[in-house]
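Hi,

Here's the structure I promised to pass on. Have a look at it first, then read my notes below.

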Protein chains: 2
Amino acid sequence: MTRSSALLTDRYELTMLTAALRDGTAHRRCVFELFARRLPGARRFGVVAGTGRLLSLLREFRFGDDELRFLRDARVVDEPTLKYLADYRFTGNIVGYREGELYFPGSPVLTIEGTFAEAVILETLALSVLNHDSAVATAAARMSIAAGDRPLAEMGSRRTGEESAVAAARACYITGFDATSNLEAGRRFGIPTMGTAAHAWTLLHEHESDAFRAQIDALGTDTTLLIDTYDITRGVRTAIDVAGTELGGVRIDSGDLPLVAAQVRAQLDSLGASRTKITVTSDLDEHAIAALAASPVDSYGVGTSVVTGAGSPTAGMVFKIVARESTDGSWVPVAKKSAAKATTGGRKTAFRTRTDSIATSELIAISPRFDSLTDASSTYDARALQVSLVSAGEIHSEYEGIEAVADARMHHKSARAELPVSALALSRSDPALETVYVTLDETLGHE
Amino acid sequence: MTRSSALLTDRYELTMLTAALRDGTAHRRCVFELFARRLPGARRFGVVAGTGRLLSLLREFRFGDDELRFLRDARVVDEPTLKYLADYRFTGNIVGYREGELYFPGSPVLTIEGTFAEAVILETLALSVLNHDSAVATAAARMSIAAGDRPLAEMGSRRTGEESAVAAARACYITGFDATSNLEAGRRFGIPTMGTAAHAWTLLHEHESDAFRAQIDALGTDTTLLIDTYDITRGVRTAIDVAGTELGGVRIDSGDLPLVAAQVRAQLDSLGASRTKITVTSDLDEHAIAALAASPVDSYGVGTSVVTGAGSPTAGMVFKIVARESTDGSWVPVAKKSAAKATTGGRKTAFRTRTDSIATSELIAISPRFDSLTDASSTYDARALQVSLVSAGEIHSEYEGIEAVADARMHHKSARAELPVSALALSRSDPALETVYVTLDETLGHE
C-alpha cells in the first residue's frame, strides 16, 4: 500500500503529458467525460458508486520524491515533465452524478474540465474506482430488490482483492445492503459489521455442543449458531438444547436452501423456538435470493456473487475527451470515429425526466456551456443529475467520507423509487430508460 | 488506504476469538489449510499467485491504537480480546506452494500452523489475496500460452479496483506477461511498464498528423502510434508520412482484428515500413489471442479480460481447519461433513509426480507430521511443492518483494514446462492432473 495515489496510473498518460508539454498543447482546456456505452450484463439500470472514494484519492494524487524518483529512474518521462509533476495539483472542475444515482448508457457519470495535462492523468484512477464500485453496486441493487424487506449482509471479502473488498462493502451498503463482514469497511466508512462463527469454531471443539455453549457464553443467547458442520437436524436440536428457545438465530451455509430452510423452520417451531431466525449464506446471488422469497428465511448473506459483480465484474465505463479549446479560444466538440466505439462529442448535462413521479427517460443535453441548462429542467418535469464535486481544484468534502456514504445510501433509495416497475425485474433486457440526446442552443438554453 | 492490514478481516474471526479466549480453546494448536475444491472455470490447471503480497501484509498485521479503538467503540470484541490483540503477532509456521506454482483441486496451497487464536484471524486476508491474485494468474497463463513467443502486455488497471490493479499486474507478470501499463506495479514490484498514447492525444490536436508529429518529437521514431481514431487506412498513411518507414509500431484498438491486422500489415509493407510492428489491444482474451495466431500481429495488450479472471474473477479457494490438538496433546484430523462442501482432514504434504520429466499427478500425502514425508519423494519421481514461508513467526523474506516476483516468474515457467501437452489446450476440461491422496504412516514415512 502506498500513500500517494499518483502512480495508480497508466504509463501512457504520462507519456502523452511529456509530448503535450513539448508541443504546447498541455495547457489547452479540455472536457473529459466518464460514461458507459452500455450497461453491464444486460441489466435494466446501473448504479454509480465510488465517487466519494475517488475524491479522497484525488486529495492524495501528488507526485512526491518517491514517485518522481521512480519516474526518473525508470525513464518514464523527461525532466520538464518531472518538474510539472512535482507541482501537480488538480485545479479544474469536476461535476458528476451523485453516488447512489442510477445511470444508463451515455449518462455523463463524471465530467472533468481542466487543462489537458491536469485532466488526462486522472483517467486510470477515475476509471478503476468507478468501474469497480459501480459494477458491485449494480449487482447489489438487484439483490436488494430480490431480498425485499429481509436484511441483506455482504460477506464476500475473501473472494476479491483485499482493498477491493472494502470498496465492495461500501458499494453494497450504498445500494441497500444492511451490513458487511468487513471490519475495515466498518472503520473507514461507518458501515455496520456482522458475523459470529465459522465451521472452524465447531471443529475446534470435541463436540458441537461445546462450541455452541462457548459461543452463547461469550456472545449471548441472541447470537446466531452455525448448524451445518455435521448434520443439520442434529445441529438444530443441539443448538436449542444448549441455547434454549430464545436462541437468536441459526445459519445455514450449505444444501438445497428452500428445502433445508423449510425443514429447519419446522424443526425450530416444533422445538418451541418460533422466534429463532434463519440466516442463509450459501452461494447466493439475486436469482437464488428471489427463489427463496416464499421460504421461511429471515436474512441473507451474500459473498462471491456480489463482490464480483454477479457475472459483470467491471462496469465498462470509459474516459473520453469530448471537447477542447481551439487555438482561437473557442470550444470544439471532439469525438472518436472508430466503428462500435464512437463517442458523442460535446459537454453534456443530464436530467431524468418524469411523469407522475415515475422516471421516463435519461435526457442528455449537449451544450458547450454548463450554465445554459438551467432552463431545460423547467421545460421538462426533470431532475438534474449532476452535482459539483470539485470547483477550481477544491474538493466538496460533503461528497466524501462517512457521512457521504450514508447520504448516498439515502439518495439511491429515492432514485430507485422513481423507477418504473418494469425496471425491477431481474431478467436480461434493454435499459429501463431510453437515453435521449438534445442539442441546446448555447445562448437561449432551448432546443 | 490504511497502514495496518489487521482489519481486512471478517468480524466473525474476532468474535470466535472472543469466545475461544473465554472457553480456553484459543491456545489449542491447529492446522489450517488454504485450498481450492475445484479449478475456476473448468480450467486445466490453476496458478498460485499472491503469496509474496500476503507475507508483506502479514508484517503489517498489527492491532495498533486506531484498530483497537474501532473494535472497542463498535463493540466488536470484549476487553480481554482487545488485550490479546494489542500484543498480537503471528508466531506460528506457514508452508505453502511457491508463487507461480501450478495447483489442482485439493492442492494444499497454504498450510498455517499455530494456536487457534493466531491462525484463525488470518483467514480473510489470506483468502482475499490468494483468491484474487490466483484467479488473475490462472487466466493470464492461458493468454500467455495462446500468445506463444509474441510479447504480451497487461493494461487492465482501469477495469478493476485501483489496488487490485497493481496486484493483477504482478500476477500477470509472474505468469508470463512481459509488461504492464500500471506505474505503481512498476514501482512496487519492478515490473516493466509500457504505453504511449490514447485517442485523447489525437483528439487534442487539430489534425491527426499534428498529434503523430508531436509524439515522434517527444518519444522518438521508435514509438507506437495509435492509428484508429478516425480512419485506419488514413491513419496508417499519416503515420508513415510523419514518422517515415522506421516507425516503431502502430496500435489497433478496434475493429475485426484478423481482418484489420492483415490490411494494416499489407499497407505498411506497401509503404516500405516492413519493420514497423503491429500491436493489437481491442477486447482480447485467450480465445481472441489464439484466433490471431496466424495474423501478422507482433504483440498483444490485454485489459478487462485478464484482470477480471476471464470469466472467473475469484479462484474459489477456502481456508479450513484440518487438524487440532486434542485435550491430551495428540493431533486430531478434523473435517466438515456437509454435503458438497466436505473437506479432507489432516495435515498434507504435496508432490508432483513425474515420468520422463512430464508431470503425472498431484500426490497429496496425509500425515500428522511434515517431516515424515521426505521419504515419499524418494519413493516416487516427485517434486516437493511446498516451501517454508514463515517459521515461528519469522517471515522468509526471499519470498516477498521485488526479487521474489522475478523468482516466481522463473518458477512458473519451469513448472509449466513440466505439464503434459494436453494441459495447454484452452477448452473446458477436467484438471490436467489427477489429485491422488495417500496416507503415510507417521513413523515410517511409507504408505
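This is a predicted model: local features need pLDDT of at least 70, side-chain atom pairs count only at pLDDT 80 or more; totals for chains, interfaces and linings use all residues.

**What I found**

Let's start with strand β11 (residues 299-302) of chain A: S299(A) and G301(A) point one way from it, Y300(A) and V302(A) point the other way, and all are buried.

Which strands pair with β11(A)? One of them is strand β6 (residues 152-154) of chain A, which runs parallel to β11(A) and is joined to it over 3 bridges. If you want to find that pairing on screen, look for L152(A), whose bridge partner in β11(A) is Y300(A). Strand β10 (residues 277-280) of chain A also pairs with β11(A) in the parallel sense, over 2 bridges. Here T279(A) is the residue standing opposite S299(A).

Now for another helix. Is α2 (residues 51-59) of chain A largely enclosed or largely open? It is largely enclosed by the rest of the structure, because 7 of its 9 residues are buried. The buried ones are T51(A), G52(A), R53(A), L54(A), L55(A), L57(A) and L58(A).

Last, the two chains. Chain B superposes on chain A by a rotation of 180° with 0.0 Å of shift along the axis, at an RMSD of 0.0 Å. That is the relation of a two-fold axis. As for how they touch, 100% of the interface residues of chain B are also interface residues in chain A, so the copies meet through the same surface.

Cheers

Definitions and conventions:
Residues are numbered from 1 along each chain as its sequence is written. Chains are lettered from A and ligands numbered from 1 in the order in which they are written. Side-chain values use heavy atoms; hydrogens and water are left out. Buried means under 20% relative accessible area, exposed over 50%, partly exposed in between (1.4 Å probe, protein chains only). Helices (H or I, at least four residues) and strands (E, at least two) are DSSP runs, numbered from the N terminus. Copies are superposed by least squares on the C-alpha atoms of residues with pLDDT of at least 70 in both. Contact means heavy atoms within 4.5 Å. Two strands pair if DSSP finds at least two bridges between them.
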